[in-house]
Every structure is written in structure tokens, then in C-alpha cells.
Amino acid sequence: MTSQEFFDHGALVSVLTTQPLGRALDYKAPEGGCHLGAFVEVPLGPRKVLGVVWGAGKGDYDIAKIRSVIRVLDAAPMRAEMREFLMRAAAYTLTPMPAMLRLATRAPGLGDPPSMRKVYRRGVKEPERMTDARSRVLATLSEYGDLSFTLKELAEMAGVTPSVVKGLVGQGAVFEEDSPRDVPFAPMDPDLPSKELTQDQAAGARALAEGVAGQAYGTTLLRGVTGSGKTEVYLEAIAAALRAGRQALVLLPEIALTEQFFTRVQERFGAKPAEWHSGATMTERRRIWRMVGHGQAQLVIGARSALFLPFQNLGLIVVDEEHDTSYKQEEGVLYNARDMAVLRAAICGAQVVLASATPSLESWANVEAGKYRRLELTSRFGPAVLPTMGAIDMRAEALPSDKWVSPTLQIEVSKRLEKGEQAMLFINRRGYAPITLCRACGHQIGCDHCDARMVEHRFLKRLVCHQCGESKPMPEVCPSCEAVGRLAPVGPGVERLGEEAAALWPDARIATLSSDMYGSARALKAEIAAISDGAADIIIGTQLVAKGHNFPNLTLVGVIDADLGLMGSDLRAAERTFQLMRQVAGRAGRAEAPGTALLQTYQPEHPVIRAILAGDEDAFWAAEAKERQQAGVPPYGRMAGIILSGPDIAQVFDAGNLLARQDGPLRAVGAQVFGPAPAPIARVRGRHRVRLLVKADKSAPLQEALARWVAQVRLKGDLRLAVDIDPQSFY
């Protein structure tokens with residue numbers, strides 16, 4: 001090995017820690033030496049902290065005061081491609097390297113010795129007395145040969161209680177042993193039979209598989225109408241990666257809720273993939289992190305943070321529903337997982353598949369520019385056909401002010417119920433009502449810590465702030481004028497819509513799907529599975545229902561307020577409304593019965609509503625692209641948001657004004673500064689928020705200029721500054 005790859009005992013090494021220090025620190029290599037990229041434990045003041053050997057030490061410090069690395073952790077060293085990915089991602093997002101390293105080490109107990117668990121396998125003796133339950137346990141163990149199982153796994157597989165297994169242990173018929181928890185994932189078989197593919201699907205699958213087999217970087221936009229079988233196509237790309245001995249990663253926007261997807265993956269490859277998301281246990285997260293690093297997890301299905309796992313040989317990244325806004329991390333390190341997936345793949349020579357029925361304008365523009373390849377799936381899989389789209393002009397509907405389901409939509413829902421089919425009513429508002437207002441004085445109840453209205457959640461009997469999560473009991477008395485019994489809900493939320501549906505169709509089984517109405521992802525997942533099996537007649541849902549769920553008996557989708565997303569000044573408002581409406585409409589008619597989607601709107605002549613109804617997606621994207629190009633905004637220009645926050649509003653504005661005045665570094669690259677101005681939600685969690693917006697040409701070296709510009713402000717006290725490259729929201 002060269003001196004740059006291995007450091008002998010006592011050699012100076014530069015260690016990047018996860019602590020917010022702004023730079024790597026010099027240490028002496030421990031006894032036995034250490035590799036470049038090794039995960040180490042080092043002393044920092046009185047503490048022991050995690051770090052990575054980043055290179056040779058600088059030696060610009062009193063050598064006598066340099067301390068030694070305490071120990072090298074039992075983990076595969078960080079590969080050069082991963083270090084490059086972190087550095088390039090940090091440079092693009094203007095994020096300090098310690099914060100990037102924290103993203104790459106989000107597994108608990110990396111420095112702990114291997115933890116053990118009890119496992120059970122077939123013993124050498126026969127039980128003194130055989131019972132039906134005991135015979136099932138022994139038959140299960142015999143069926144799997146020498147494999148061992150945890151107590152829970154074995155009891156569930158045999159259909160017995162754990163005490164039956166324990167009784168067999170006492171008689172020597174089953175052995176109980178200690179085994180490491182961090183065990184490899186079961187191998188996947190890419191050559192198991194796949195579903196029969198349509199001509200479109202087969203052509204797409206071949207093209208993706210050829211790209212993966214080439215073992216070089218490339219990005220493909222897999223665009224297909226909802227229900228066209230995009231998943232089946234990219235599963236064949238995963239199979240190609242596995243055949244080549246490479247690992248694959250699939251990113252999903254709502255991983256904790258996609259039970260149907262995991263079942264399909266297991267059917268295709270004969271084993272469960274690794275599942276990385278916030279709902280995974282700490283023990284399972286550590287196991288996945290370690291096994292990915294050793295190449296013993298072939299396929300990971302994950303949320304956006306799975307991009308920072310230490311893959312040994314990554315050959316494919318799939319970003320499913322690539323347009324989804326949840327891929328943008330809005331707190332801490334601000335990054336877009338779709339863009340970071342492309343960066344990571346380019347570094348390690350992997351293929352990227354961006355799958356969506358309604359791609360982002362950024363991806364559409366990259367296809368038009370020749371940077372990405374495009375594959376199209378133009379028809380639904382099997383007998384299913386695309387839903388019929390229609391608008392209900394609310395200006396012509398006789399509807400009381402406190403009701404939201406139009407008479408026309410009521411008739412259509414009733415028709416479906418008579419036929420034994422499912423109907424969905426969609427509204428993109430959680431809770432019961434978005435505003436609680438005093439009818440005596442007009443006061444609207446707001447959050448104590450944010451400049452946001454509190455939302456009534458009637459099921460919880462509380463008011464909830466959707467910005468900071470603060471909640472309080474529903475008051476009886478107006479906090480402003482102290483009038484009793486005059487507080488009233490204004491506007492519809494998903495819970496209120498459910499209440500209206502129950503009154504309209506008292507005999508129907510109604511299920512309300514909203515992320516904050518279930519105690520856990522598991523409970524919500526179970527409810528979605530039950531609905532898919534026909535346990536509800538009417539589904540009331542928020543944006544959650546648009547994320548790829550398959551309800552075979554659903555034939556009508558009614559969108560209550562199609563105009564809601566068109567309000568406000570967000571430059572992506574039209575794009576997001578178009579995507580959401582098309583995605584929601586796509587839930588209808590996914591089996592043999594044809595589907596219909598009806599949009600209640602007060603603006604049926606709006607260009608976005610007309611584009612949704614016409615289904616002419618290319619015309620919509622072309623018109624939207626032309627508008628953005630003329631305005632010089634993404635993806636045809638560059639933008640960055642600067643968010644200053646602090647408890648003292650004067651101090652926050654002073655810092656914002658100072659930045660606005662000292663904009664020389666930005667003017668040098670042709671960039672403009674707008675602001676400072678209060679953020680649309682000007683106070684969150686008690687902190688006042690001020691925004692500046694920077695706009696520049698596509699070719700401008702914006703990051704370098706931004707770094708020089710913000711360095712002019714010294715952050716005093718509790719003042720915070722965040723830079724958001726390519727902002728997705730402007731709240």
C-alpha cells in the first residue's frame with residue numbers, strides 16, 4: 001500500500017469528526033496503524049467522538065500536544081467515492097463537512113462491540129412426548145435445514161407460542177445459541193421468474209438492463225402513466241445490477257407505507273430487501289449500515305437519507321415518484337435527494353432511474369437538453385385504462401357555505417356505491433378545519449410560537465400548529481374577547497369532509513386517510529391494506545393517498561378543491577397542482593372497471609385545470625418551461641434562499657440589511673439580491689425569520705460567490721443563517 005492509503009503507528013493523520021468544528025484535526029495513528037477512510041474514536045477535550053481518517057495530518061500544531069487516535073472501529077473504511085460524494089455535496093449545498101459526515105454515520109452504536117441475540121436451531125434429541133405444536137416446530141426447522149431463527153420468527157412460522165419452543169430447548173430437541181445481531185441479508189435471486197411484461201414494458205426493461213450491464217454512469221427518466229407498471233420495469237434493472245454483482249438502492253417518498261411494494265420485491269427476488277427509514281429500529285439501522293458497507297445487503301429500499309449509506313459497489317439508484325417534494329430535505333442539511341442521487345451515481349459509475357407519471361420540470365428539461373435519456377410507458381398494465389377526466393364548475397352548483405361536496409359529485413359517488421365500487425374524496429388539508437374563528441370579535445386562533453393559524457383536529461380534540469407541532473386543547477372561551485361558545489371552524493379539512501360524507505351516505509363504510517390520524521406507520525399501513533382489500537366504500541384522503549397506492553375497486557376520485565394549490569406566489573404552484581391532480585386521478589380505474597376523476601373548481605378555464613383535463617402533458621410542460629425560461633428561474637436559472645432567524649427581530653433584520661448592502665461578491669457574478677423581507681411564515685418556534693432571495697444565470701458560479709457573501713456577516717448570539725440552494729418552498 002502507498003503511504004497515502006495506510007498510516008503507521010504514530011504517523012500524523014487528519015481526522016474529520018462529526019462535531020461542528022469547521023475543520024479536520026490532527027491525531028497520531030494508533031498502535032497497529034490505520035487505513036485512509038477508517039472510522040475511528042478520538043479524544044476531543046474530555047469527550048470521545050466519532051471521526052473518519054481523511055488524509056495525512058498537516059503538522060501545523062505543537063507536535064507534543066497532538067493526541068493519539070483511541071481505537072479503530074470495526075467497520076469497513078469509508079471508500080474514496082463516498083468521501084468525494086460528501087465533499088462535492090457539501091460544496092454544492094454550502095454545508096459544513098461535519099454536518100455531511102453526520103448524515104453518513106446515522107447508525108447508532110457504530111463503536112459498540114457486536115451485540116448478540118438468542119437464535120434457535122434443530123437439536124439432536126427427540127422430545128419425550130410429541131404434540132401437534134411441537135411437531136410443527138420441528139417440521140419447520142427440518143424444512144430449513146441448518147438455518148437458525150429468532151424465538152419470534154420460529155414461533156410465528158410454526159404457528160405456536162414461544163413457550164412451546166422453550167419447552168423443546170429444555171429437552172434438547174432444539175438448541176438455543178447466541179448469535180451476532182448484525183447478520184447478512186438473505187441473498188436475492190435475480191433469475192426468479194418475473195411477471196409477464198407488455199411490449200412497452202419489455203422494451204423499457206431491456207434498455208435499463210443494458211445500461212446497468214454497461215457499468216457506467218447514465219440517468220434515465222422512466223415516464224409512464226399511472227398504473228403502467230413502472231415498478232415491473234425497474235425491477236428488471238435491479239435484477240441486472242444483482243447479476244453483475246452490484247448493489248441497488250430504491251428511494252421512495254413514503255417508504256413506511258408501501259407494503260404492496262415490499263411484497264412485490266420479495267416475490268420477484270425471493271428475499272426481503274433491507275428497509276431504511278425513520279421507522280426502522282436502532283438495532284436494524286446499525287445492521288443495515290454495517291451490511292451495506294460489507295456488500296452483504298444487495299438491495300436497500302429507503303427514504304432520502306439512504307443515499308448516505310456506505311455502499312461497497314453501488315450499480316443502480318431508482319428514485320420512484322421523482323417529482324415528490326418530500327425528496328427535498330428542509331431542515332438541517334438542505335439537499336434534494338433526486339439531485340444528490342445523480343451526483344452519487346456519477347461518482348461511482350452507476351445508473352439512475354427517475355420514475356414518475358408526472359416528472360419534475362427539472363427532469364423534463366434535462367431530457368430536452370439531452371442530459372437524460374427518456375423511456376415512455378404509454379398505456380396501463382393489463383385490462384386497466386386511464387380514467388376519464390372531468391371538471392365540476394362550482395360557480396354553477398347550489399351548495400350551502402358550510403358544505404363542500406357538490407350535488408353533481410354526490411350523484412356520482414352514490415352511483416359507485418350502488419354498484420359496490422369504491423369512491424375517493426380528496427382534499428389536501430389535514431385536520432378538521434384550517435381556521436378557528438371567534439364569531440363575536442373575528443379573532444383567529446394562532447400558535448403562540450409561530451405566525452401560523454392553528455388547525456382544529458377534532459379526532460384529537462385539540463388545536464395543532466402544522467409548523468412546529470405545538471398543540472393545545474380546543475378552548476371554550478375566545479382568548480381575545482372572552483366570549484363563550486362563539487368559536488367556530490372555518491373551511492374544510494379532511495376530518496370535516498369525513499363528517500360531511502358520513503351524513504350524506506350514512507350506510508357507507510368511510511375510511512379517513514391522513515398521516516396525523518394514526519399512532520404509527522404500521523397502523524396506517526394496515527389501514528391502507530384493509531382498504532385495498534375492500535374494507536371501505538368511501539375513502540377520504542389527503543396528499544398521502546396520491547403516493548402510489550393501489551386500490552383495485554376504486555372507480556371514482558372526486559377532488560374537493562382543485563384550486564387550492566394555485567393560490568400564492570410559489571413559482572412551482574402550477575407544476576405541483578398539475579402533478580398532484582394527475583397523481584390523485586390516477587388512483588381510479590386501476591383494475592378492470594373504468595375510472596373517472598372529477599375536479600371541483602371555481603376556475604375551470606385556468607390553464608393548469610385545462611391541461612389536467614386534456615391530459616396533454618407535453619403541452620403543459622412546454623408552456624411552463626417557456627414561462628420559467630423567460631423569468632430566468634429554475635431550471636433555466638439559478639436561485640438560492642437565505643434564511644436568517646433569531647429571537648430578536650431587530651437583530652435578524654439588521655443582519656439581513658447588512659447582507660443586502662454588501663452584495664459585491666454576488667454582483668461580481670451577475671447575481672441579484674431581493675430582500676430582506678419577512679418570511680411568509682415570519683415566526684416559527686419562537687424564532688423570527690427573514691428571507692433574502694438570490695437569482696443568477698444558469699452558468700454563474702453561484703456557490704463560490706454565496707460563500708464569500710455570507711462570510712461577511714458574523715453571527716452573534718442566537719442568530720442563525722441557512723443557505724438553501726434551489727429552494728423548493730418559500731415559507
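These legends go with a set of close-up views of one predicted model.

Since it is predicted, local features need pLDDT of at least 70 and side-chain atom pairs count only at pLDDT 80 or more, while totals for chains, interfaces and linings use all residues. Residues are numbered from 1 along each chain as its sequence is written, and side-chain values use heavy atoms, with hydrogens and water left out.

**View 1. The whole protein.** Helices (H or I, at least four residues) and strands (E, at least two) are DSSP runs, numbered from the N terminus. Of the 731 residues, 52% count as buried, where buried means under 20% relative accessible area, exposed over 50%, and partly exposed in between (1.4 Å probe, protein chains only).

View 2. H7 covers residues 230–243, which makes 14 residues. From first C-alpha to last it reaches 20 Å, close to the 20 Å expected at 1.5 Å a residue; the expected span is 1.5 Å times one less than the number of residues. How many of its residues are buried? It's 12 of the 14, so H7 is largely enclosed by the rest of the structure. Among them are Lys230, Glu232, Tyr234 and Leu242. After the helix comes glycine 245, with a positive phi near 75 degrees.

**View 3. The seven-stranded sheet.** Here's an open sheet with parallel pairing, in the order E12-E13-E11-E14-E15-E10-E16. Two strands pair if DSSP finds at least two bridges between them. Strands E12 (274–276) and E16 (373–377) stand at the edges with a single partner strand each, so one side of each is left without a neighbour in the sheet. Neighbouring strands are turned by 20 degrees against each other on average, direction ignored. (Axes are lines fitted to C-alpha atoms, for helices over the stretch in contact, and angles run from 0 to 180 degrees between N-to-C directions.) Zoom in on E14 (residues 314–320) and E15 (residues 351–356), and you'll find five bridges in the parallel sense. Aspartate 320 sits opposite alanine 355 in E15.

**View 4. Helix H8 on the strands.** H8 (residues 259–269) lies across E11 (247–251), E12 and E13 (299–302). Its direction runs at about 170 degrees to E13.

**View 5. The five-stranded sheet.** This open sheet goes E3-E2-E6-E5-E7, with antiparallel pairing. The edges belong to E3 (25–28) and E7 (71–72), each with a single partner strand, so one side of each has no neighbour in the sheet. E5 (residues 39–44) and E7 pair over two bridges. Which residue in E7 is the bridge partner of glutamate 41? That's arginine 71.

**View 6. Aspartate 537 in its loop.** Look for aspartate 537 in the loop between helix H14 (521–532) and strand E25 (538–541). Is aspartate 537 buried or exposed? At 18% relative accessibility, it counts as buried. Leaving aside neighbours within four places in sequence, its contacts (heavy atoms within 4.5 Å) are Leu417, Glu421, Gln422, Ala423, Ala508 and Arg509.
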